[in-house]
Amino acid sequence: MKHIISACFFLISLLASAQKVTVTVDKNVTLKEFFKQIENQTDFKFAFTDQIDTDKKYFTKKNTYKQIEVEKLISELNKTATVQFSIVGNNIFVKQKSQSQKQAKKKSKLKGQIIDDEKQPVIGANVFIKELETGTVTDYNGKFSIEVPNGTYTFVISYVGFKNQEKQITISDDANINFNIESDSQQLGEVIVTTNKATDIKNTQMSVNKLSMQEIKRIPVAMGEPDPLKSILTLPGVTNAGEASSGFNVRGGAADQNLILLDGAPVYADSHMFGFFSIFNADAISSLELYKGGIPSKYGGRVSSVLDVTQQTGDFQNYKVNGGVGIISSRLLVQGPIQKDKGSFIVSGRTSYAHLFLKLADNKNSAMFYDLNAKFNYRFNANNTIAFSGYFGNDVFDINDRFSSKYGNTMGILSWKHKFSDRLNTNLSAFYSDYKFNLGLSSENFEWDSNIKSYGLKYNWFYQQSEKFKINYGIDGLYYNFNPGVVQPTSIDSQFNYQQLDKKYALEASAFIDFENQITEKLNFRYGLRYSMFYRLGSEEISTYENGQAVVFNPLYNIYQEGTPTGTISYGKGKKISSFNNLEPRAALSYAFNDNTSIKASYNRMAQYIHILSNTQSPLPMSIWTPSGPFTKPQMLDQYAMGYFKNFKDGDYSFEGELFYKNVQNRIDYIDGADVLANNNIEQVILNGKARSYGMELLLRKNTGNFTGWISYTLSRAEQKTPGRTPEEPGIANGDWYLSGYDKLHNLSVVGSYEFSPKWSFNGNFTLQSGQPVTYANGYYEFGGIHVPNYSLRNENRLPLFHHLDVAATYTPKPEKKKGWQSYWVFSIYNIYNRKNAASMNFTTNDDTGLNETRRLSIFGIVPGVSYNFKF
């Protein structure tokens with residue numbers, strides 16, 4: 001009888017413990033509230049001693065357990081709660097944990113690496129631990145390190161464009177574990193990285209966008225060539241000067257205010273063929289980050305944005321080839337191991353061949369480009385890695401044998417990454433970057449060559465004291481050699497004499513420190529400081545002017561004119577001509593209301609010491625860089641931003657809204673009629689003004705499902721002001737604020753991707769922008785029988801509204817094939833309804849009627865494209 005009673009008691013206990021419940025616990029839930037949740041759903045009762053205070057909060061982590069068996073729930077709670085639960089029959093006993101139980105919860109360190117299906121380290125991937133609601137991200141080697149209490153946890157590995165990986169791991173001692181994540185062809189429309197919604201919400205970084213190369217290749221663009229720079233134009237706050245124009249504008253800033261880095265080295269021109277293509281080969285690029293605000297202290301030297309582009313590492317295990325053939329260009333990439341698991345290489349090349357078709361058509365014009373990317377890596381051991389990255393690109397133009405031009409970038413960077421300990425990593429790098437431009441006019445019998453060279457050294461340290469406190473600090477130096485140009489005759493008939501414009505030299509140095517501090521579970525703070533120094537150096541002859549003014553105002557004609565030189569001051573080689581130094585504080589704050597909602601705010605001050613001399617809205621290849629000096633002050637930015645961030649339906653939808661205000665001091669402005677080309681005394685045509693921009697950015701994204709995409713909208717204003725230096729001077733536009741050439745009041749982008757089947761996917765992109773500010777003629781006067789236009793104040797008018805719709809379809813014949821020859825086709829139509837967007841408006845006289853007329857110049861109508869892409 002006794003055994004029967006015991007068996008029945010055991011059976012009742014088993015049935016009771018098998019009951020399923022749904023409960024939520026966190027730091028704010030008392031034991032009494034927890035009891036109520038269980039007792040309302042089951043027959044269990046709680047028993048406890050007087051030592052247990054049921055009004056006290058014993059839970060340390062937030063979690064929701066859905067339809068979990070009571071016995072399993074108790075087991076999970078015993079891992080983190082500060083009390084001990086046990087089940088006896090229909091009773092749950094609660095008692096204080098013994099000292100030995102508390103001591104048993106020691107912490108262990110988990111280290112590892114995340115690599116993709118091509119054996120590439122995944123930079124910035126998220127490692128999240130569900131039960132602890134904490135995590136970390138991988139470094140530039142795809143590695144991570146995190147300290148956790150011993151126990152069994154669910155690890156979630158996630159990164160944009162890849163399938164999430166979930167793995168349960170039991171930790172009892174320090175361990176190493178690696179994760180392999182697979183690419184996810186379904187995730188085509190996501191632009192902003194949301195590695196994990198909780199981490200993204202709590203992260204202090206705002207105003208940053210990240211693009212995967214997979215989604216860049218699906219966004220339709222003109223000529224059918226995948227283009228990273230054209231793709232970032234779909235993001236809020238980013239515009240350019242129009243179709244087929246180089247450069248991009250961020251939050252009302254000029255193109256020369258963007259710092260463009262390729263593997264950490266600066267590049268000074270971003271386009272091929274005068275803006276038709278960017279210099280970045282999408283096949284060779286691993287990731288792309290655009291910082292629009294809240295810029296960390298490690299970046300400096302520009303006042304608008306930072307575009308940080310990283311090249312692929314190369315496969316350490318297998319040799320691979322991929323490429324593509326398009327209408328006017330083709331590309332090829334080869335990668336593989338130098339020594340398996342130790343060294344790797346990647347080499348890619350790209351070239352256009354439109355000039356070949358022109359020759360077949362007996363057209364003497366020629367236009368082509370080519371570029372080469374390379375990267376080599378070698379891992380000596382777990383603590384030491386060296387890498388070399390290089391880029392070389394050139395454009396060649398020849399029009400009727402009368403006009404010829406060559407220009408291009410050369411870049412190389414050598415870096416050594418060393419790991420002193422699990423907490424301290426360093427990166428030492430040296431680089432060289434060069435941009436050259438050549439112009440030849442056979443009709444005038446002369447050539448003009450110019451270039452900018454820079455040599456740099458960086459040494460960065462990253463110290464992680466704990467998961468809640470991290471320090472990033474470093475130093476860097478950059479030496480510039482500016483050659484504005486050398487003009488030389490090509491025949492004895494030339495009217496030009498040999499002339500070397502004054503070369504300029506400068507040294508820029510800086511030191512920075514950046515702190516990341518998790519103050520509470522909801523409040524995170526990042527703060528830092530950058531100290532920059534700039535020295536304009538000889539040898540150079542600096543002109544002097546009457547009254548110290550290189551630009552003078554003529555009250556008779558109400559115009560600015562070039563000042564009168566009175567002599568020169570000679571500075572020997574290496575002698576200091578001018579010097580500047582600035583403190584650049586940075587700060588960013590985030591407050592998470594919950595796991596799905598947060599607000600963020602940021603402030604950054606930045607200095608820019610070099611400038612492009614160009615009075616066009618889109619920088620041309622012949623645009624000249626010049627350093628700050630006696631007549632040109634460094635630009636100084638103060639930017640404020642705040643935003644609201646929210647995820648819906650477990651991250652299926654995301655919303656980001658930001659407000660920003662930018663104020664720039666010492667922005668270069670040009671007098672009317674300024675000639676900046678081959679001008680040896682550029683200070684005679686420029687004035688120092690100021691600029692400001694402010695606005696609102698909205699981004700709504702659908703992140704999951706067969707249909708993904710985003711809608712971005714920006715409402716903003718960009719203005720410039722150059723007041724007179726004296727009460728008698730009018731300045732530019734009467735000294736009032738006027739629209740800068742980068743003002744786009746409205747900027748809307750709608751991007752969508754639809755995965756119809758494993759073989760077919762469809763993509764679309766609609767863009768609508770306010771027309772670019774321009775200066776129209778408001779009348780004319782007659783002089784010597786010629787009608788001469790009279791122009792309004794600067795940028796009082798706008799070009800017509802700019803908009804176009806682009807579509808693309810991707811066809812993969814054998815999507816199930818994962819080895820051997822794999823291929824897909826991309827069919828695209830740019831500007832499908834043939835919108836004739838105005839690139840410019842010219843005011844002229846009709847040769848036949850003699851009447852004044854306005855002519856619209858359009859670059860593109862409808863442009864079909866097709867490309868065949870492969871890999872093996």
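1. F827 is partly exposed in this predicted model, because its relative accessible area of 36% falls between the 20% and 50% limits. The residue is found in strand β55. F827 also belongs to a nonpolar surface patch of about 680 Å², together with F707, Y754, F756, W760, F762 and W825.

2. The largest cavity holds about 310 Å³ of space. It is lined by 23 residues, of which K230, L233, N240, H804 and Y830 are the closest to its centre. Strands β49 and β54 (802-811) each supply at least two residues of that lining. By class, the lining of the largest cavity consists of ten nonpolar, eight polar and five charged residues.

3. As to charged pairs, the whole structure contains 24 salt bridges. One of them joins D422 to K111, with 3.1 Å between the closest N and O atoms. The partners are 311 residues apart: D422 sits in the loop between β28 (403-419) and β29 (424-441), and K111 in strand β6 (residues 107-116). D422 counts as partly exposed at 26% relative accessibility, and K111 counts as partly exposed at 23%.

4. A further salt bridge is formed by the side chains of R794 and D672, at 2.7 Å from N to O. R794 lies in the loop between β52 (786-791) and β53 (797-798), and D672 in the loop between β44 (653-670) and β45 (686-702), so the pair ties together parts 122 residues apart in sequence. D672 counts as exposed, at 63% relative accessibility.

5. Which residue forms a salt bridge with D743? The partner is R717, and the closest N and O atoms are 3.1 Å apart. R717 belongs to strand β46 (residues 707-721), while D743 is in the loop between β47 (738-739) and β48 (746-755), 26 residues apart.

6. Finally, a network of salt bridges links R251, K292, E658 and E697.

Terms used: Residues are numbered from 1 along each chain as its sequence is written. This is a predicted model: local features need pLDDT of at least 70, side-chain atom pairs count only at pLDDT 80 or more; totals for chains, interfaces and linings use all residues. Side-chain values use heavy atoms; hydrogens and water are left out. Patches are made of residues with over 30% relative accessible area and no salt bridge: like charges are joined within 9 Å, nonpolar side chains (Val, Leu, Ile, Met, Phe, Trp, Tyr) within 5 Å. Accessible areas come from the Shrake-Rupley method with a 1.4 Å probe; for residues, only the protein chains shown count as cover. A salt bridge is a side-chain nitrogen of Lys or Arg within 4 Å of a carboxyl oxygen of Asp or Glu. Helices (H or I, at least four residues) and strands (E, at least two) are DSSP runs, numbered from the N terminus. Buried means under 20% relative accessible area, exposed over 50%, partly exposed in between (1.4 Å probe, protein chains only). On a 1 Å grid over the protein atoms alone, a cavity is a set of points where a 1.4 Å probe fits but cannot get out, and a pocket is an open set with protein on both sides within 12 Å along at least five of seven lines; lining residues have an atom within 4 Å of a point. Grid points are joined across faces, edges and corners, and a volume is the space filled by probe spheres set on the points. Ala, Val, Leu, Ile, Met, Phe, Trp, Tyr, Cys and Pro count as nonpolar, Asp, Glu, Lys and Arg as charged, and the others, Gly among them, as polar.
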